[in-house]
Amino acid sequence: MKQRRQPRPILAIASGGGHWTQLMRLRPAWEGLPVVYATVSDGYRHEVDPALLFVVPDGNLQSRVALAKMAVAVLLLVLRLRPKAVVTTGAAPGFFAVVFGKMMGARTVWIDSIANADELSLSGKKAKHFADAWLTQWKHLALPDGPHYYGGVL
């Protein structure tokens, strides 16, 4: 008997704090669809239970070694999941997921954090090259070629 193949999931990924909070506010958008979450802290597991939550190492530009470990962990996660889509509110883990997801043929969505009111985040500026939908939560930061504005998450 042929084994039924699981549908490819949506990978919803963000770093902690406000990035994670904004990602959680988007949950109704993928209700009823297969979704897997990833972030930098196991402390968020209760927010997505019973969905799967993967934890990747935290890292930023101040610690290149930690950032490299994060990149490898996100790459392995994307290779394992082969997501149909990647949705992120940033920062670094979302950036790597958008890059690697795009390379694997996933649709990718970058939503720059609402905290970036004066200019796009560094990750957001770089994500434009890999995101199918490149979005800002500030109307005055929107440009004709992106990022686009459709409202705020918070």
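This is a predicted model: local features need pLDDT of at least 70, side-chain atom pairs count only at pLDDT 80 or more; totals for chains, interfaces and linings use all residues.
Four salt bridges were counted. One of them joins K102 to D132, with the closest N and O atoms 2.5 Å apart. This pair links distant parts of the chain. K102 lies in helix α4, which spans residues 92-103. D132 sits in the loop between α5 (122-127) and β6 (133-136), 30 residues from K102. K102 has a relative accessible area of 33% and is therefore partly exposed. D132 is also partly exposed, at 32%. Beyond neighbours within four places in sequence, K102 contacts A97, T108, F130 and D132. The C-alpha atom of K102 is 24 Å from that of V48.

Two further salt bridges were examined. D42 pairs with R45, and their closest N and O atoms are 2.5 Å apart. D42 is partly exposed at 44% relative accessibility, and R45 is partly exposed at 34%. E119 and K125 meet through their side chains at 3.2 Å, N to O. E119 is partly exposed at 48%; K125 is partly exposed at 37%. Shared partners join K102, R107 and D132 into one salt-bridge network.

The largest nonpolar core has 28 residues. Those with the most contacts inside this core are L11, I13, M70, V74, V86, F96 and W110. Elements giving two or more residues to the core are β1 (10-13), β2 (35-39), α3 (64-81) and α4. Leaving aside neighbours within four places in sequence, V74 is in contact with I13, V56, P93, F96, A97 and F100. A second, separate core has 18 residues, among them W20, L26, V35 and V87.

Key. Residues are numbered from 1 along each chain as its sequence is written. Side-chain values use heavy atoms; hydrogens and water are left out. Helices (H or I, at least four residues) and strands (E, at least two) are DSSP runs, numbered from the N terminus. Contact means heavy atoms within 4.5 Å. A nonpolar core is a set of buried Ala, Val, Leu, Ile, Met, Phe, Trp, Tyr and Cys residues joined through side-chain atoms within 4.5 Å. Buried means under 20% relative accessible area, exposed over 50%, partly exposed in between (1.4 Å probe, protein chains only).
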